[in-house]
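These are my notebook entries on a single chain. I set down what I looked up, topic by topic.

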Amino acid sequence: MLGSGPEGLGERLGRLRGGALTTHPPNDSPTNTEAGKAPMVKQQHQLFVALLAVSDGLVASLACYAAWGMHRVRTFGYFPDWPGQWESWVKNPVAFFVAPILLVAFQMNGLYRPRRDESLVREQLGVLRGSVLSFAAVVVVLWLVDNQALDEGRFHLALLGLVLPLAMGLHRMAFRIGLRSLRSRGWNLRHVAIIGVGRLGHIACRTVERNSWTGIKVVYFVSHREQTKRTDVMGRPVYDGLDDLERTLDEHPVDSVYICLPNSQASALPEVLARLERFALDVRIIPDVQPRYLPSAMAVSELEGMPILSVRECPLYGLGGVSKRALDIIGAGVGLLVFSPVMLACAIAVRLSGPGRVIFKQRRVSIGGETFKIYKFRTMFHVEDEKYGGYTDDQWTQRDDPRITPVGRFLRKTSLDELPQLLNVLKGQMSLVGPRPERPELISRFRDDWRGYMLRQHVKAGITGWAQVNGLRGDTSLRKRLQYDLHYVRHWSFGFDLKILALTVLRGFIHRNAH
């Protein structure tokens, strides 16, 4: 199966099997004895997963009893009359149903697969999904088995719906943090061989080294050439070339192999994969793609067995787009309510500042190249001057520009001229957060002058953005703006939007570059 790109390898190399605690000290050298422990590690991993499943079941059971206890305290007071029959202690907390159902739900969500290179946030989301799924299944089971108990224990189930995800999330977080601490000290390691001693192999090795919390350790290299005279790379031995691949893996067993072949030898990949089928180890392919063409997180899928590596796609497909749109609607609605008095005062001030429209409309480009009319308070004496959007004669609007009215200068300085764009957000033409929209004629020009400029249109244009909260407004570097915009597109997340909105509020609407 295809792996990830060279950059961010520690986070994106694919799911590797985890190993149980090894018995060698942290500073062992990469000898044949150390690598020879790989088969033992693979067998111990099954016990490791079994222990994790048992601990999950125990924590889920404790969560059930905690919810049951809080329910009885609420119903019967702080000193309730606890049941004397042991059957009640087994049946009433519903742990008998919850624990096995939760283990199945966690298995369905891949929470017992190796997670060495996965972030805590991603695992916590999986735990939340598994907990919610198991809770829903428990409700259905109780409805089918004991409808009366379901009616009488509604508050108990409501408490369980809150306590179960919290308990499982804290349990998994503590488990992973402790495990990562052990791995960073040299324990619970997975031993890896890298095929390829060129630039790509160096990048893979350095990235693994930087992410020691994964417990992945590169023990040696195999040259991507048939024969080699090199004896070491980055302080690790080089065991011959591709001609001796089988002998090398027999004499120096490892858990995984990372194939880092340069593009010039891409044709050798099928043969290498076929030869590796003789060995019971994990195989990961690191494609030789320039980092500038890679997103922060690739998506790997397949269609009838054909692997598909997505290196560029809109980050707002699926639930991400729904959550961002929900944030836009709520945020724009609240913003219009809060700023309506300010917008009314701005409208009156603009009307008194001179003839012309209060609200200025102009064609701009948003997601997918779609054009729309952006709304702004007029800030210049003449409407004709506004149509250039502050960019004329190869430069942005200058400080103390004589075309700007005194009222308009204040509105621009405080960014209040952008408030009508909350209506664009409600209409779905813009977002609260995103790259600032440009005019169609400027995009036609910038797309040829600036490589990657069109990637900005993978998301909706925004009122505020990553470039804006970092001071890139007004007459500032277009190159720097583009860098910050592309960083936002490639690293978008719901949390990133919240961070930018918070920075917009904390740093205020006034900025020295706004004019």
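Does Met234 count as buried, partly exposed or exposed? I found that Met234 counts as partly exposed because its relative accessibility is 29%; buried means under 20% relative accessible area, exposed over 50%, and partly exposed in between, with a 1.4 Å probe and protein chains only.

**Entry 1: basis.** I note that this is a predicted model, in which local features need pLDDT of at least 70 and side-chain atom pairs count only at pLDDT 80 or more, while totals for chains, interfaces and linings use all residues. Residues are numbered from 1 along each chain as its sequence is written, and side-chain values use heavy atoms, with hydrogens and water left out.

**Entry 2: the whole chain.** I looked up the secondary structure and found 19 helices and 14 strands; these are DSSP runs numbered from the N terminus, helices being H or I of at least four residues and strands E of at least two. The chain has 515 residues, of which 49% count as buried. Its accessible surface comes to about 26100 Å², and carbon and sulfur atoms hold 61% of that; the areas come from the Shrake-Rupley method with a 1.4 Å probe, and for residues only the protein chains shown count as cover.

**Entry 3: positive phi.** Most residues other than glycine have a negative phi. I recorded a positive phi of about 55 degrees for Met234, which is found in the loop between strand 3 (232–233) and strand 4 (236–237). Asp240 has a positive phi of about 60 degrees and lies in the loop between strand 4 and helix 10 (245–251). Asp240 is also partly exposed, at a relative accessible area of 29%.

Entry 4: I traced an open sheet of 4 strands in the order 2-1-5-6, with parallel pairing; two strands pair if DSSP finds at least two bridges between them. Strand 2 (216–222) and strand 6 (282–285) are the edges, each pairing on one side only. From one strand to the next the twist averages 25 degrees. Strand 5 (residues 256–259) is joined to strand 6 by 4 bridges, and Tyr258 has Arg284 of strand 6 as its bridge partner.

Next I looked up the helices on this sheet. Helix 9 (residues 199–210) lies across strand 1 (190–195), strand 2 and strand 5, at about 160 degrees to strand 2. Helix 11 (residues 269–276) lies across strand 1, strand 5 and strand 6, at about 175 degrees to strand 5. Axes are lines fitted to C-alpha atoms, for helices over the stretch in contact, and angles run from 0 to 180 degrees between N-to-C directions.

**Entry 5: nonpolar cores.** A nonpolar core is a set of buried Ala, Val, Leu, Ile, Met, Phe, Trp, Tyr and Cys residues joined through side-chain atoms within 4.5 Å. In the largest one, with 27 residues, Phe377, Leu411, Trp466, Tyr488 and Ile500 touch the most other members. Helix 12 gives the most to this core, with 5 residues. Leaving out residues up to four places away in sequence, Ile500 touches Val433, Thr464, Gly465, Trp466, Val469 and Tyr488; contact means heavy atoms within 4.5 Å. A second, separate core of 23 residues includes Ala95, Leu111, Val127 and Leu160.

**Entry 6: helix 6.** Val127 is among the buried residues of helix 6, as are Glu123 and Gln124.
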